[in-house]
Amino acid sequence: MAMTRREAFKTLAKGTLPVLAAGCVSTALPTAARAADDNELESNSKYRKVDEAHALGLLYDATKCVGCKSCMVKCSEYNELKPDTRVDGIHQAPPSLNYFTKNLIKLYRSDDGSDHSYFKQQCMHCIDPGCMNACMFGGLRKDEETGVVWWYGPKCVGCRYCQIACPFHIPAFQWDGFNPKIVKCELCRTPMQKDPSKKEPGCTKVCPTNAVIYGTRKDLLAEAKRRVAAAPGKYYQDKVYGEHDAGGTQVLYLSRVGYDKIGLPDVGEASIPSTLKYSHMAYKWMVLPLLLYGTMVALASKNFAHHSHHLVEEQKETGLRPQL
Amino acid sequence: MTRWERSVPVYGVPVLTRGFWALCALIAVGLVLTGYREVAGLTAGISGMTDPFAWGLWKTFNVMVLTGLGSGGFAVGIAAWVFNNKKLHSVMRVALLTSCLAYWTGLCMLGIDVGRPWNFYWVVLPWQWNLHSPLLEIAVCMSLYASVPLFLENLPPIFEYIIYEFPKWRSIAETCESVMAKVYPFIIGLAYILPMMHQSSLGALMVLGGKRVHTLWQTPCLPLIYVWAAAYLGYNCVTLCILLAKLAWKRDVDPVVMAELNKLTVWLVYSWTAFRFLDIIVRGKFLHAFTDGYFSILFWVETALTLGSAYVLSTEKGKKLSTMFNAHLLCAVGGMIYRFSPTTLAFSAKENAFYFPAAAELIVCLTFIAIAVLGYLVAVKKLAILPGSNEDWMKMAKYEESIKPGIQLTGYAPADH
Ligand code: SF4
Ligand code: SF4
Ligand code: SF4
């Protein structure tokens with residue numbers, strides 16, 4: 001296809017500019033925007049404001065866990081969930097978290113079998129949760145005082161976007177039935193509300209070795225740091241998982257084996273919602289979309305007037321009804 | 001050489017063909033399965049979805065891929081009306097019809113896919129929205145687009161049909177038409193801004209997928225690359241529809257308009273590819289295009305299909321209709337794979353997690369494609385959608401007037417003249 005450079009440029013402009021413009025609306029104008037708004041994160045998630053001293057969570061120390069699975073049993077009991085014994089009809093041993101299972105103890109074993117560690121899985125109660133950012137109408141919400149992330153059925157459309165957006169694969173969807181639910185650990189919020197004599201979650205109450213304990217994030221973090229300081233080199237990288245990971249979580253972990261081996265991937269320190277912050281900026285006050293809309297209407301009006309005129313002329317010639 | 005001057009219905013062929021009934025049969029089966037899904041939920045027999053692979057074909061293909069293919073109304077329209085590319089007006093109706101069908105079937109699939117659709121009513125209460133959710137943006141903008149601007153844009157052929165076929169309603173239809181003409185620029189402005197927003201949000205969806213989306217695809221620019229792909233997919237779809245019409249009903253092709261469609265496709269693909277490479281290189285991930293086995297191959301398959309087809313379209317060979325058809329088809333396949341990758345092909349959910357659609361899921365997916373195809377086949381035979389020449393119109397008029405006495409398709413004079 002022969003074309004001059006000027007033609008080529010013109011075509012390029014005609015074809016690409018609209019898309020480019022679309023991109024400006026949707027993605028981001030990186031540097032300028034970045035400079036303009038560095039604490040966007042704050043407003044992305046007003047829940048950051050949950051006071052550390054009130055934010056509740058768990059501290060799970062994998063080195064103390066003996067794998068007795070008492071916490072799984074207690075969790076089912078507190079949350080009135082039928083134990084998932086589908087594997088052999090006797091043992092509560094689901095392969096992963098699912099809609100009967102808010103809490104799971106698993107075993108990591110290294111390939112040569114020389115090393116092993118138990119680990120516990122439940123919601124991390126992120127400070128800036130990906131699941132909540134994904135949810136359209138607020139089917140997942142964060143308690144304003146305790147920061148506990150819980151599911152609110154009347155606002156959930158069952159889109160399962162929370163499952164995509166949770167970096168820890170926590171929310172489970174009920175795949176059977178016409179009225180499905182999202183099931184995840186809610187830090188025993190409901191059982192404790194129903195029965196005020198319950199002062200702590202099932203899993204922490206029953207744990208025989210205190211491998212999992214309950215408290216405010218502030219206290220738990222201090223305790224975790226104390227343990228790390230008391231035994232340097234004992235814990236993997238001397239790190240408390242959840243202090244900064246995924247923007248920080250209210251559930252904290254300590255482990256001797258690598259965190260990635262016990263279901264806690266390296267997700268970086270930025271919270272999941274913050275990855276979208278540039279896209280949000282493009283929509284700020286709807287300025288950019290409105291500007292673009294105005295421009296397009298102006299250009300289209302002009303071109304439309306010409307086109308209509310042309311149609312009328314044509315109709316005079318052909319006697320055929322003009323088509324829009 | 002044919003010149004496209006106006007849209008002309010496909011005439012002289014029956015609507016109720018064997019293909020029509022075959023599609024109806026598929027749709028009937030699919031709708032029964034859909035009904036069963038509503039009662040039984042998304043259980044194992046019905047869908048292959050699992051907790052780690054929470055999204056299956058219905059969302060990832062029917063919505064995220066096929067509305068890309070249905071972006072002609074936006075991508076061609078913007079070039080025609082905003083950038084005043086006059087040659088493209090002749091194919092606008094094809095573009096708008098395909099968009100309308102792709103979007104409406106996509107929206108239906110979205111409604112069938114979600115588990116608690118009755119809670120969708122919050123969408124009409126803006127103060128209940130979580131403005132940070134890309135999916136909310138899609139739910140709002142996509143349904144708004146499909147039910148307002150895109151719907152209105154598709155009305156003129158229907159008005160015309162009424163005017164010709166039902167003389168009693170003629171004055172009402174003409175009034176509607178003239179009202180529409182007055183507000184048209186405002187409608188089409190909306191018809192471009194809304195798809196820009198939600199087509200890019202479709203990309204933003206997977207940004208929240210984080211590291212589960214392979215690094216060759218995962219980027220903060222995913223929204224931009226996604227909407228860009230939608231643009232050329234729209235062109236592919238329009239061109240393919242026209243070439244298929246030539247094949248099926250011997251409709252003549254206007255080489256000038258085809259060349260224009262090709263040219264724009266080529267540049268969109270070139271610029272898209274360049275931008276995609278730039279993004280990968282700037283993020284310092286280019287080595288992954290060679291070291292990551294399956295993912296690297298997938299990446300090159302996408303690139304080869306789109307870029308290769310665009311190259312062929314830009315050469316002399318691309319002017320031959322059969323080559324043109326193949327090139328657009330392969331380009332569309334490449335683009336569709338790209339739009340499918342972040343959610344499925346390049347999505348690593350969890351170790352050992354695997355997704356393959358269940359038979360019923362696949363049938364329902366095909367059912368809603370069949371509904372769109374069926375709608376298209378009926379529409380082009382009843383309404384003036386496909387482009388043709390004035391001469392074609394005259395022939396069509398003669399034919400129609402001979403079988404439907406009393407109908408008048410030529411010699412039009414507006415009421416006020
Ligand atoms: S499935 Fe429900 S809770 Fe999860 S994101 Fe969708 S609407 Fe929100
Ligand atoms: S761990 Fe997952 S489900 Fe729990 S709060 Fe964080 S993002 Fe939400
Ligand atoms: S806090 Fe409650 S719901 Fe969560 S894991 Fe422990 S017992 Fe289960």
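User: Happy to be looking at this one! How many bridges join strand β2 of chain A to strand β3 of chain A?

Analyst: Welcome! This is a predicted model. In chain A, strand β2 covers residues 104-109 and strand β3 covers residues 116-121. The two run antiparallel, and the number of bridges joining them is six.

User: Which residue of β3(A) is the bridge partner of K106(A)?

Analyst: Let's go through two bridges of this pair. L104(A) has Q121(A) as its bridge partner in β3(A). For K106(A), the bridge partner in β3(A) is F119(A).

User: Which residue in the hairpin of β2(A) and β3(A) takes a positive phi?

Analyst: Look at the stretch between the strands, which has six residues in this hairpin. A positive phi near 80 degrees is found there, and the residue that takes it is G113(A).

User: Chain A also has an open sheet of three strands; which strands stand at its edges?

Analyst: The order of the strands in this sheet is β8-β1-β9 (chain A), with mixed pairing. Two of them have a single partner strand each, so one side of each is left without a neighbour in the sheet. Neighbouring strands here are turned by 20 degrees against each other on average, direction ignored. The edge strands of chain A are β8 (212-216) and β9 (252-254).

User: In which sense do β1(A) and β9(A) pair, parallel or antiparallel?

Analyst: Strand β1 of chain A spans residues 56-61, and three bridges link it with β9(A). In one bridge between these strands, Y60(A) has Y253(A) in β9(A) as its partner. The sense of the pairing is parallel.

User: Which helix of chain A packs on that sheet?

Analyst: The helix to look for touches β1, β8 and β9 of chain A. Its direction makes about 130 degrees with that of β8(A). It spans residues 217-230 and is helix α9 of chain A.

User: Let's turn to the two chains: what area is buried between chain A and chain B?

Analyst: The contact takes 85 residues from chain A and 101 residues from chain B. Carbon and sulfur atoms give 63% of the buried area. That area is about 8100 Å².

User: Which element gives the most to the side of chain A that touches chain B?

Analyst: Between the two chains, 44 residue pairs are in polar contact. Elements giving two or more residues to the chain A side include α1 (5-26), α6 (161-165) and α11 (287-318) of chain A. With 15 residues, the one that gives the most is α1(A).

User: Which residue of chain A forms a salt bridge with E174(B)?

Analyst: Three salt bridges are found across the interface of chain A and chain B. One of them joins D113(B) to R160(A), with the closest N and O atoms 2.9 Å apart. For E174(B), the closest N and O atoms of the pair are 3.3 Å apart. This pair runs from helix α9 (residues 170-207) of chain B to the segment after α11 of chain A, where the partner is R321(A).

Notes. Residues numbered from 1 in each chain as written. Chains lettered and ligands numbered in written order. Predicted model: local features only at pLDDT ≥ 70, side-chain atom pairs only at ≥ 80, totals over all residues. Heavy atoms only, no water. Pairing = 2+ DSSP bridges. Helix = DSSP H or I, 4+ residues; strand = E, 2+ residues; numbered from the N terminus. Axes fitted to C-alpha atoms, helices over the stretch in contact; angles between N-to-C directions. Contact = heavy atoms within 4.5 Å. Buried area = accessible area lost by both parts, 1.4 Å probe. Salt bridge = Lys/Arg side-chain N within 4 Å of Asp/Glu carboxyl O. Polar contact = N/O pair within 3.5 Å; in protein donor to acceptor, adjacent residues only side chain to side chain.
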